[in-house]
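The report below goes from the chain as a whole to one of its pockets and then to individual residues. Please keep the sequence and the model in view while reading.

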Amino acid sequence: MADEVQPDSSSLQILGERTSIPGSPAIARNDCSITPLTPSPSPRVEIRPRMSCPFSVVVAIDFGTTSSGYAFSFTQDSEAIHMMKRWEGGDPGVANQKSPTCLLLTPDLRFHSFGFAARDFYHDLDPEEARHWLYFDKFKMKIHSTSDLSMETELEAVNGRRVRAIEVFAHALRFFRQHALKEVKDQSSSVLEGEEIRWVITVPAVWRQPAKQFMREAAYLAGLISPECPEQLLIALEPEAASIYCRKLRLHQVIDLSLQPITNGLDADGSRPFDSSFRQAREQLRRSRHSRTFLVESGTGELWSELQTGDKYVVADCGGGTVDLTVHQIEQPQGTLKELYKASGGPYGAVGVDLAFENMLCQIFGEDFIQSFKAKRPAAWVDLTIAFEARKRTASPGRANALNISLPFSFIDFYKRQRGQSVEAALRRSNMNIVKWSSQGMLRLTQEAMNELFQPTINNIVKHIELLMAKPEVSGVRFLFLVGGFAESPMLQRAVQRALGRSCRIIIPHDVGLTILKGAVLFGLDPTVVRVRRSPLTYGVGVLNRFVEGRHPRDKLLIKDGREWCTDILDRFVSVDQSVALGEVVRRSYTPARVGQRKIIINIYCSATDDVTYISDPGVRKCGAITLDLPEPLPPTGAVGGAGAAASERREIRATMQFGDTEIKVTAVDVISNSSSSTLSKAIFGLS
């Protein structure tokens, strides 16, 4: 069997998803150049075992919307997870094991700093000078919200200048690479080579394949790994990583909201201040920050011992940008996991509260003023968002006193210059009674105002969890694990407890903001822990089939070399929500539709539904392509005349899709030339 080789850039097309246009077969006709080999073999499904890789250390990067960080573990001491060093800077009262996801470029587009260093340096710039620097904040959201994601997709800095997104992400990953490698080398007794490190990058489970490939391409550009060694990088799904870590939890490491006698810090009438073990746990966690090494169970934790074979649980990853839900079932005695329902979620993260605050400011001061202030005083706008973020963390249900948000002096001065009146006058004129003004230069947000900011996002989260748990496949869930940074919010905790506390146990790990990062390290140490996943979409390739009058529509008729073909047919490899085992391989055989064809392009399509027949059906998207050169086959020994041409009519092209991992891999091989020379192209779904 030929060795698998990575194609060069000229032979591999990586495309973003695009929706097919119904009823326009002329557009798609050039997309189909293969036909199933006749007689078509039945689809073969085989389990390909994962090969163990000789890595000495696993480094995981949790690339979040609001905060990011890294951790690592040596394979010879896999029960110890080392967190990254404490960061300089930070907000008072906030335990910092991760850094804000913000990045600063110089006016000539060179990397300057990341995290607290970027934020603090930008804050200290002269307002006029700051307008020339490029500050990016919460930029991960762009990848989720862009439907036509490509290598040319751009991000807009706070000052309005635009830079290619792939370069911004690569700068951030390169920063983490440099810091992580220094720490790993400081703790290693031996000299580590680059190929001895396995990297893991976390992404939301609801991201499509092109978004995952975008992170992979950024990792290549950042120098984490080489494109020739793709297996050195794993893409970890965030809720799945959290689920893996939750397997290790002991009883003293969690808060069980179902056992709390009060509703997340309040009596039933919402009158008594929050005074439960959660506050004590946070204080304990804060003290433990001095130790950056966490020990995990060698097997499974005490909490897991309460679960039996077949028990189901839901992990809700409530992060800054998205909420991701995954449903797992326990497989005993090995303790592996099986995904029961395809990953779901949406853009309901904590950033929604920030956007609601910005909308509130627009209502008070006018949208035109806020946009002008953001453009002309970008550093001051960042200061204002930081002030709100710090106060947002302290919001809790039933809070009696208002939350004070400091307005930067430049905001107050800029408004007076632009509008000719004071901020206080604008607040009175707005008739927004739930926001008051303090003579100390602060906006005072009442509890009613905080509820108005939080409720739309929280309601979306609760509704999504309820809809998921109403699915037949998810009935009988015993546990709901709340993880992610937003899960620290008492506002969210109370809402989830009130809605779901009677139907299942609601568990919050003490180190809830680090759960995904630790789980990503564990995933890198053992990627086989999730044995069965659900396909998020239907995947297949576009093919030609013999045209059958009365069965195929006339607008799909295509004549090639005197033969009548039906074009645009989707040859399905896997269906949406179908269970796929780890490393599961589906293999199909095709043949070129035209005699003497010297190149084929196998186009890969996906759909959110299974009720599709043609690649031009509504909702079908092109999500990748693989190009294969077909050299002239050598005639058999002793053959005369057109033996080679005859062979080309039955030339076998073997296409393979590997499922069950967090990424889908596609391989195509020309069987004839494989006997003498390796002609193989391998693709991971991606971008244009």
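## Overall architecture

The secondary structure of the protein chain comprises 19 helices and 35 strands, where helices (H or I, at least four residues) and strands (E, at least two) are DSSP runs numbered from the N terminus. This is a predicted model, in which local features need pLDDT of at least 70 and side-chain atom pairs count only at pLDDT 80 or more, while totals for chains, interfaces and linings use all residues. Residues are numbered from 1 along each chain as its sequence is written, and side-chain values use heavy atoms, with hydrogens and water left out.

Of the 688 residues of the protein chain, 57% count as buried; buried means under 20% relative accessible area, exposed over 50% and partly exposed in between, with a 1.4 Å probe and protein chains only. Among the contacts in the protein chain with a separation of 6 or more, 74% are made by residues 24 or more positions apart, a contact being heavy atoms within 4.5 Å.

## The second largest pocket

The second largest pocket has a volume of about 710 Å³. On a 1 Å grid over the protein atoms alone, a pocket is an open set of points with protein on both sides within 12 Å along at least five of seven lines, in contrast to a cavity, where a 1.4 Å probe fits but cannot get out; lining residues have an atom within 4 Å of a point. Grid points are joined across faces, edges and corners, and the volume is the space filled by probe spheres set on the points.

The lining of this pocket is made up of 35 residues, and those nearest its centre are A205, V206, W207, R208 and P536. At least two lining residues come from each of helix 4 (141–145), helix 6 (209–222), strand 19 (336–346) and strand 25 (530–534), with strand 19 giving the most, at five residues. Domain 1 (57–238) and domain 3 (537–634 + 648–680) each provide at least three residues of the lining, the domain bounds coming from an automatic or database domain assignment. By class, the lining of the second largest pocket has 16 nonpolar, nine polar and ten charged residues, where Ala, Val, Leu, Ile, Met, Phe, Trp, Tyr, Cys and Pro count as nonpolar, Asp, Glu, Lys and Arg as charged, and the others, Gly among them, as polar.

Helix 17 (residues 515–525) is largely enclosed by the rest of the structure, because ten of its eleven residues are buried. Those buried residues are T515, I516, L517, K518, G519, A520, V521, L522, F523 and G524.

D62 is found in strand 4 (residues 57–63) and counts as buried at 4% relative accessibility. The side chain of D62 makes a polar contact with the side chain of T202 at 2.9 Å; a polar contact is a pair of N or O atoms within 3.5 Å, of which, within protein, one must be able to donate a hydrogen and the other to accept it, and residues adjacent in sequence count only if both atoms are side-chain atoms.

D571 lies in strand 28 (residues 563–574) and, at 19% relative accessibility, counts as buried. Apart from neighbours within four places in sequence, D571 is in contact with G540, V541, V543, R588 and Y590, and its side chain makes a polar contact with that of Y590 at 2.5 Å. The C-alpha atoms of D571 and I604, which are 33 residues apart along the chain, are separated by 9.6 Å.

D568 is also found in strand 28; D568 is buried, with a relative accessible area of 0%, and its phi is near 70 degrees, a positive value in a residue other than glycine. In strand 30 (residues 584–592) is S589, a buried residue with a relative accessible area of 11%, whose side chain makes a polar contact with the side chain of E652 at 2.5 Å.

## Two loop residues

L109, in the loop between strand 8 (102–105) and strand 9 (111–114), has a positive phi of about 70 degrees although it is not a glycine, and counts as partly exposed at 38% relative accessibility.

R131, in the loop between helix 3 (127–130) and strand 10 (134–137), counts as partly exposed at 37% relative accessibility. Beyond its neighbours within four places in sequence, R131 is in contact with N159, A375, K376 and P378.
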